[in-house]
Amino acid sequence: MKITDVAATEMEMKAQRAQQKRAEAPAQAAEKPAEPSRQIPAAPPVEIHKIESVTRQIDSFLRSMNKSLQFRVDESTGQMIVSICDSETGEVIRQVPGEEALRIAQNLENRLSGMLDEKV
């Protein structure tokens, strides 16, 4: 065997290894677990009868403590408002969203509508 033959065989082996690595690369990439998606999956819609059932349970619990649960739509913002009130005095104990959040939403809406009116 000549030195040139050894060199040629070595080059052929390197070429075969390189070709084998290229063939293995896609297979290895497929084996790697996919990175988790950064998007938050959408919550499934809640059935109305389940909402009603939970609302009745909460209302029953609150009534046992002389409290009431009230739902209403804010006229200025169109947002749903949930309030827990004292049944005896009618005082609002907790409201979601709070009054300040409603004022901010109303101010934003007024400013945005004002900007749109000016550009048109």
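A salt bridge is taken here as a side-chain nitrogen of Lys or Arg within 4 Å of a carboxyl oxygen of Asp or Glu. By this rule, the predicted model contains one salt bridge. The pair consists of R63 and D59, whose closest N and O atoms lie 3.1 Å apart. Both residues belong to helix α2 (residues 48-63), and because they are four residues apart there, about one helical turn separates them. Burial classes follow relative accessible area, computed with a 1.4 Å probe on protein chains only: buried is under 20%, exposed is over 50%, and partly exposed is in between. On this scale R63 is exposed, at 57% relative accessibility, whereas D59 is buried, at 17%. Side chains of opposite charge can pair when their charged atoms come close.

Residues are numbered from 1 along each chain as its sequence is written, and side-chain values use heavy atoms, with hydrogens and water left out. As the model is predicted, local features need pLDDT of at least 70 and side-chain atom pairs count only at pLDDT 80 or more, while totals for chains, interfaces and linings use all residues.

The chain has three helices and three strands, assigned as DSSP runs numbered from the N terminus (helices H or I, at least four residues; strands E, at least two). Their order from the N terminus is α-α-β-β-β-α. Of the 120 residues in the chain, 11% are buried. Among contacts (heavy atoms within 4.5 Å) with a separation of 6 or more, 13% join residues 24 or more positions apart.

Confidence is given as pLDDT, the predictor's value for each residue from 0 to 100. The chain has a mean pLDDT of 76, with 72% of its residues at 70 or more. Confidence is lowest in helix α1 (residues 3-31), with a mean of 59, and highest in strand β3 (residues 92-96), with 91. Over residues 1-8, pLDDT stays under 50, and the model has one contact beyond four places in sequence for this segment.

The accessible surface of the chain, computed by the Shrake-Rupley method with a 1.4 Å probe, is about 10,800 Å², of which carbon and sulfur atoms contribute 57%. F71, V73 and M80 make a nonpolar surface patch of about 300 Å². Patches comprise residues with over 30% relative accessible area and no salt bridge; like charges are joined within 9 Å, and nonpolar side chains (Val, Leu, Ile, Met, Phe, Trp, Tyr) within 5 Å. F71 is located in strand β1 (residues 67-73) and is partly exposed, at 45% relative accessible area.
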